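Please prepare a short briefing on the structure shown below.

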Amino acid sequence: MDRRAVHEQWERDRATLHELVAAVTAADLRRRSAGTRWTNGQLVFHLVFGYQIVRALLVLVRLFGRLPDSVSRRFAAALNAATPPFHVINYLGSCGGGLLGPERAAAWLDHIIASLHRSLDRATEADLARGMHYPTRWDPFFRPTMTMADVYRYPSLHFAFHRQQLTLDR
């Protein structure tokens, strides 16, 4: 894993969000995004939430990566079975999070990325190789098995995908 490349991508995402927030208007935030049911304001929060969820995913991979493979396989299957309520919670969470405003979302992203930088710097090669099964129905970027290194790369994939759905520049 190229740690420097991951750190640099996180910083590019952070800068991108700050640029968006600096240029966005209230009308932009109320406009519907492309390909989602969210407004741009709600989707800005969702961009940040993709980074926040990594902190929980890292805890899970640290735990399940030490257990027998069958345990995380069953856990992922149970989460896949709970996909419909997950999607409702994911949707409503970003609806509510969009009320925080883009400036608070950008400040929150600063805090999260600083935390992820420290976490990645502390991770050993053995940590980065640790893996577990994931609920592939929850997110298009979840693969059946992901390592901690994959989890550290995940938020930038999520960010880039959803960034393209913002209609701020239209």
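R130 and D127 are both buried (buried means under 20% relative accessible area, exposed over 50%, and partly exposed in between, with a 1.4 Å probe and protein chains only). A salt bridge joins R130 to D127, with the closest N and O atoms 3.4 Å apart; the term requires a side-chain nitrogen of Lys or Arg within 4 Å of a carboxyl oxygen of Asp or Glu. The model is predicted, so local features need pLDDT of at least 70 and side-chain atom pairs count only at pLDDT 80 or more, while totals for chains, interfaces and linings use all residues. Residues are numbered from 1 along each chain as its sequence is written, and side-chain values use heavy atoms, with hydrogens and water left out.

**Salt bridges**

- The structure holds 9 salt bridges.
- One of them pairs R3 with E125, the closest N and O atoms being 3.0 Å apart. Because R3 lies in helix α1 and E125 in helix α7 (residues 125-129), this pair ties together parts that are 122 residues apart in sequence. Helices are DSSP runs of H or I with at least four residues, numbered from the N terminus.
- R3 is buried, at 19% relative accessible area, whereas E125 is exposed, at 53%.
- E8 and R4 form a salt bridge through their side chains, at 3.6 Å from N to O. These residues are 4 apart in helix α1, so about one helical turn separates E8 from R4.
- E8 is partly exposed, with a relative accessible area of 39%, and R4 is exposed, with 60%.
- A network of salt bridges links E11, R14 and D110.

**Nonpolar core**

- The largest nonpolar core has 42 residues, and those with the most contacts inside it are W10, L17, Y51, Y134 and Y152. Such a core is a set of buried Ala, Val, Leu, Ile, Met, Phe, Trp, Tyr and Cys residues joined through side-chain atoms within 4.5 Å.
- Helices α1 (3-23), α3, α6 (102-122) and α8 (148-163) each supply at least two residues of this core. The largest share, 10 residues, comes from α3.
- Beyond its neighbours within four places in sequence, Y134 is in contact (heavy atoms within 4.5 Å) with residues including L57, V61, A76, F142 and V151.

**Helix α5**

- Helix α5 (residues 83-97) has 15 residues and should span 21 Å at 1.5 Å a residue; its end C-alpha atoms are 21 Å apart, which agrees. The expected span is 1.5 Å times one less than the number of residues.
- Within α5, T83, N90, S94, C95 and G97 are buried.
- The cover over the buried residues of α5 includes α3 (40-64) and α4 (69-81).
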